[in-house]
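Subject: Structure handover

Hello,

Here is the structure for your files. My notes on it follow below.

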There are 2 protein chains.
Amino acid sequence: MRASGKSRNVTMSDVARHARVSRTAVSFVLAGRSDTSVSPQTRDRILDAVRDLGYRPNAGARALAAQRSGLFGLITEIVTAPFAVDVIKGAQERAWEDRKFLLIASSEDRADMAEAAVEKLLEQRVEGLLYAATWHRAVQVPKAAGEVPTVLVNCFDAEGRFPSVVPDEIGGGRRATERLLAAGHERIGFINLDPGIPAAVGRLEGYRQALTDAGIHPDPDLVISGHATADSGYDAAGRLLDLPDRPTALFCGNDRMAMGAYDAVRERALRIPEDIAIVGFDNQELIAAYLRPALTTVALPFEEMGRTAVSLLGSLIAAGDQGKTDGQPIDTKVTIDCPLLERSSVRP
Amino acid sequence: MRASGKSRNVTMSDVARHARVSRTAVSFVLAGRSDTSVSPQTRDRILDAVRDLGYRPNAGARALAAQRSGLFGLITEIVTAPFAVDVIKGAQERAWEDRKFLLIASSEDRADMAEAAVEKLLEQRVEGLLYAATWHRAVQVPKAAGEVPTVLVNCFDAEGRFPSVVPDEIGGGRRATERLLAAGHERIGFINLDPGIPAAVGRLEGYRQALTDAGIHPDPDLVISGHATADSGYDAAGRLLDLPDRPTALFCGNDRMAMGAYDAVRERALRIPEDIAIVGFDNQELIAAYLRPALTTVALPFEEMGRTAVSLLGSLIAAGDQGKTDGQPIDTKVTIDCPLLERSSVRP
DNA sequence: CTCGTTGACTAACGCGCGTTAGTTGGGTGG
DNA sequence: CCACCCAACTAACGCGCGTTAGTCAACGAG
């Protein structure tokens, strides 16, 4: 039973006094240092005192003395895309494994807020920085980020100054297409995202590769670009379905478009997956899992990207401690697999 | 232009030396203290030095000396849930206004993780704690949370030891029902969530109040309980629609159920909103905004709850500083309005 | 000429801890 | 019996900063 109310926090000195040893001894025991010896009895006395007094180390003081905060900073544009927060989860878990704590700041998708966020995080003396985007693209990273090791997540630096972790869009496109091919489809429509963005470029490339590898010549008429909305998916799907020689399967650039495609298919009294198979992209749970029939889709590996980014950051920091960074930009671009999630919109 | 590379961080002493004053003077100027005087010239010299050297205060050291970290802790069950993002956003913004920083930890919906999270946050010497749940209910808060001011968000403590901020479920239920009444509907079906949970109890109560106030006697046959899934909504809607004297409107306990209800309506070749009006609850953007027609729904005010909770926490801490807390449990329960979002599933 | 007084500063302590450089007292080997 | 060593500790410095208790020169009043 601890003291209640405004009683000052228990410090290491309190523990030392209670255990009748020096504060140094307490520090050594708690740090688990094996190079300096402490007798088992003393050790136990100290640990007992810790328990009795309810001692809790002061992370700030520790950081000050040890010259390392144990904190990582994560900057994300929380506002726009709810689903990208899986990055936080993965990063959080991985950081926890290394006994690091994640400081999360929001850039609100505004450059000045991003700068402010970096500044605040550096004041907290984070050991490294993660910068995450809601959708895969090139970003402008605040300059100050260069002062500590930094890893980009789901985005990349046009100037290649920072290493980044991004989804394997091409592989995802392949995987989706291959799944449809495996189900026997040969005329596969592709409703792409706005042209130019990495997701659109990569997924289209994967689509083409898969078809070519299967000995099918990609039919340009079966590829349409849309705008990442349900309405756009509805329109595009309608056009493909009204083709004279219509496709038997649709690969949609994302799940929202797939959602619109469902409506277009239904309006034509066609059945999913019997008459038209559909594969989405992104795995937005709230859509994909609850559509009827549930949507087979390719997942963006946000959580895994978060984990990987923290791992990478950890090794960057370790390398930096040993002075291995020689000022050269580290042009690493780690791509993470996009797994296919089987649901019910493609026949087995 | 700052020194690059591994150069040690600039400290206050560096600034003092560069400005040819004592460190104390620098501290005073940066703290903006008006009780002790510093001549304008000196002030400028110091501020110039700060800029020249790129001085950035060390938050940890400051916390240690000032005995207050400027940190709030936020524990959420699942960081990745869309709701959590909004709570975080609101809390983040509000905290930022007070120049506080939010430490976000996840309990992964496990009691032991929650304890660990509280422990870790207390090690960081957070000045207060927010504890947020994914769905409105009573929760078990780790005991250690009692050591600092704590506010519950979207949940409440059965023992009433902590103040909490929750959505106004009754008001939301009323609002949804009143909207349907205003559109001329009199037979309004209600597909409720699992009975017993606060959301189900409150929304039903609001539904009844609205009907009664409108002089309509609630018909028990029009109320069905489901399980918060699209399938369940589909089944329940089907049963209501197959009633001899079927309702002309459906109020669904949440948006997923509404999603299922859409399918049931479509199967019967009925149109939304012409034949059947539908109102949802929760405003899960990815569903509500992208259903066709877009779903009119009642929003859970997560962002506002986050903001309010931080405000409340701030005042609790301020009160504690002045010793106004006398150990009594503060049984506050702030309810936040649930606004109706007009879309297209109810005719104007 | 002395004594406050005030404006403009500074010396120095302590916050809680990691860490280095010791200091003991009880063996061992020669 | 002495030199040496080692296990088992402890003293004390410094991390970067807020804050209290000064110091010191200038200046006006008595």
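How many salt bridges does the rule find across the interface of chain B and chain A? It finds 10, a salt bridge being a side-chain nitrogen of Lys or Arg within 4 Å of a carboxyl oxygen of Asp or Glu. One of them joins the side chains of E147(A) and R56(B), at 2.3 Å from N to O.

Some ground rules. This is a predicted model, in which local features need pLDDT of at least 70, side-chain atom pairs count only at pLDDT 80 or more, and totals for chains, interfaces and linings use all residues. Residues are numbered from 1 along each chain as its sequence is written, chains are lettered from A and ligands numbered from 1 in the order written, and side-chain values use heavy atoms, without hydrogens and water.

The interface

Contact (heavy atoms within 4.5 Å) involves 51 residues of chain B and 52 residues of chain A. R56(B), L286(B) and R292(B) provide 15% of the area that chain B buries against chain A, more than any other three residues. Together the two chains bury about 5,300 Å², 60% of it on carbon and sulfur atoms. Buried area here is the accessible area (1.4 Å probe) that two parts lose on being put together, summed over both.

Domains

Chain A splits into domain 1 (12–57), domain 2 (70–167 + 303–336) and domain 3 (169–300). The bounds come from an automatic or database domain assignment. The C-alpha centres of domains 1 and 2 of chain A are 37 Å apart.

Backbone points to check

- I272(A) to P273(A) is a cis peptide bond, omega near 5°. P273(A) sits in the loop between α10 (255–267) and β9 (277–282) of chain A. Helices (H or I, at least four residues) and strands (E, at least two) are DSSP runs, numbered from the N terminus.
- R292(B) to P293(B) is also cis, with omega near -5°.
- A269(B), not a glycine, has a positive phi of about 60°.

Best wishes
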